[in-house]
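Please look over the model shown below, and read the notes that follow alongside it.

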Amino acid sequence: MTFAEKTRRLGVCYYPEHWPREWWADDAARMIAMGITQVRVGEFAWSRIEPESGRFDWTWLDEAIDVFDRAGLAIVLCTPTATPPKWLVDAMPDMIAIDAVGKPRRFGSRRHYCFSHEGYRRESRRITRAVAERYGRHRAVVAWQTDNEYGCHDTVLSWSPAALAAFRRWLSERYVDIDALNAAWGNVFWSMEYRSFDEIDLPNLTVTEANPAHVLDFRRFSSWQVKEFNREQCLILRESSPGRDLTHNFMGFVTDFDHHDLAEDLDVAAWDSYPLGFLEQFWFGDDDKHRYARQGHPDVSAFHHDLYRGVGRGRWWVMEQQPGPVNWARYNPAPLPGMVRLWSLEAFAHGAEVVSYFRWRQAPFAQEQMHAGLLRPDRVDDVAALEVRETAAALSHFAVDSSTTAEVALIFDYQAEWMTAIQPQGAGFSALRVCFEWYSALRQLGLDIDILPPAAELSGYRMIVVPCLPVIPDTLVDKLRAVEATVIYGPRTGSKTGQFSIPHNLPPGELQSLLPIKVVRVESLREGLVEPGADFSVSRWFEHVESALPPELRLHDGRGVLFRQGSHRYLAGMVDPGTLHKIFRQMASEVGVGIRDMPEGVRTRRFGKLRFVFNHCAESRSIDALLPKDAALLVGMRELDAAGVAAWIDDGIRK
């Protein structure tokens, strides 16, 4: 059993290189007193570790690690490859990435490297080995984080000469013969045929839309490059630091590479949780942005908790939890009092092993000086410090062996988001957004959800939802045919082949063996344009379906929207939220899955025998309707305060 499996614990991100040495021991003691037992160190420290090529200065890091060890803190050490130093960029100026319009992404911030540059890959392996050999067997080092936030600042796709050369090699290995590539991409269209792999350019700077199959393969290649870059570090870390967990801190709503694929080389998936920034930066409407400005949307954190639990095959952490105002969103309000505690406890209720806060103390300099920490720059506790202490006091409720299995599986594939981004067909159409909206509708019915890739095992689930999956693997069709569950597929599911073309038998392709329908035309609808039914409406996307099946829902003009055969349903449009709730409610009743209608802004999660309820509202909410008559609250009250948390033993819920 690894250290990570022994306890539920709190952590913090700390940068000893930012602070005077005489502060380190006091900081470590204050962490322990606050209930923090883990500290992350070193992800941006390359220039201090190696001030010049080949000249290492380990003194300061040796001392910092010993200080944390003496205090009783476990250490997550990082490879520092997200911030290559200036001397390295000067030595290899072509190692930097190039953006889609041909501009270099220069030194002066972070993530200024191209995943395809072979010279930088060698340097990445070299510094990883140096750090791992120095500290890999230190008793305090319990885990390693590779790099930092792959994909942050749109840094997965690089349009550099190195990327072009690597892409051509990747294509030649994938297709072997150039005629096979021409056929797969449909290059006869617009006279785009190639005579050799060396003729192929990157799919940018074209006059109009590049061939979508070309773009998709470039996305696949770029994702593979991230995986290979990460794998190289993992192999070194496993050799030099055996028995330690390997993790990476993924991000919210970032889909530029396949996280499931990369996580095959990790022990634990981690992600960085910034609920207020995500609400501000993504597709949410003004009503939600005002209502939840200081709390975050009630389903954003949970969506990522459930996503990364699947990515990590059951093991996951929050590596960076927002403790106060951040610095990077369009607007940066402070969290409502109590929200840092709520976010932390909600993560543990979804199965997190660790919740780690970013950062210990607010930096008074450089790009992130407006980003709050647990302490202010003057070393005084900031607002979140008290809530961290309250969270630490509540950890006794989270028994180590209290794992639970959800009754609902939601299938999400990163490639689906790439495909809808490449050809949205309607402004803003996004597979990720559709998945989130379906997830949110399920959560509003009080359901627990596992978010899984198409390759996952599906037996044991009683409801399976497939919101938007353009490419349906044959193995998934076989699994869906075999399950004893009610299943629903959303718009654009089965609409493409793996070569980004329309299936020969029309969408939904191979799903026609489960549902005898054909999608013969699609429409995207601008804002305000709706297609009405008797008591529902369709907006944003609608598909014309031919089928002998009588629709379960139809528009006023008779066109079908929801089709069913046996336990399988297909939803041919984006219906209003109330209708989506009705569909899910009906599916749940058919298989005996219990639902709870949640008050506005209130959500629930089961953890073993415990039922947790979280109030994401700025006002109090009664939870009487959710409580069994004889329930004795272990946490909270029946009238749940704003940002309040309640928990009780609920033996009636199937585990």
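Where does Arg492 lie? Arg492 lies in the loop between E12 and E13, where helices (H or I, at least four residues) and strands (E, at least two) are DSSP runs numbered from the N terminus. This is a predicted model, in which local features need pLDDT of at least 70 and side-chain atom pairs count only at pLDDT 80 or more, while totals for chains, interfaces and linings use all residues. Residues are numbered from 1 along each chain as its sequence is written, and side-chain values use heavy atoms, with hydrogens and water left out.

Arg492 has a phi near 75°, a positive value in a residue other than glycine, and Phe500, which lies in the loop between E12 and E13, has a positive phi of about 65° although it is not a glycine either. Arg492 is buried at a relative accessible area of 8%, and Phe500 counts as buried at 8% relative accessibility; buried means under 20% relative accessible area, exposed over 50% and partly exposed in between, with a 1.4 Å probe and protein chains only.

## Cis peptide bonds

Most residues other than glycine have a negative phi, and most peptide bonds are trans. The bond from Pro507 to Pro508 is cis, with omega near 5°, and Pro508 is placed in the loop between strand E12 (486-489) and strand E13 (517-524). The bond from Phe358 to Arg359 is also cis, with omega near 5°, and Arg359 is found in the loop between strand E8 (354-357) and helix H14 (383-394).

## A buried glutamine

Gln295, in the loop between helix H11 (286-291) and helix H12 (300-311), is buried, with a relative accessible area of 3%. Its side chain reaches the backbone oxygen of His616 at 2.9 Å. Leaving aside neighbours within four places in sequence, Gln295 is in contact (heavy atoms within 4.5 Å) with residues including Pro275, Trp343, His616 and Cys617.

## Packing of H5 and H8

Helix H5 (residues 118-135) and helix H8 (residues 212-240) pack at an angle of about 25°, with their axes 9 Å apart; axes are lines fitted to C-alpha atoms, for helices over the stretch in contact, and angles run from 0 to 180 degrees between N-to-C directions. That makes H5 roughly parallel to H8, since angles under 35 degrees count as roughly parallel, over 145 as roughly antiparallel, 65 to 115 as roughly perpendicular and the rest as oblique.

How values were computed: A polar contact is a pair of N or O atoms within 3.5 Å; within protein, one must be able to donate a hydrogen and the other to accept it, and residues adjacent in sequence count only if both atoms are side-chain atoms.
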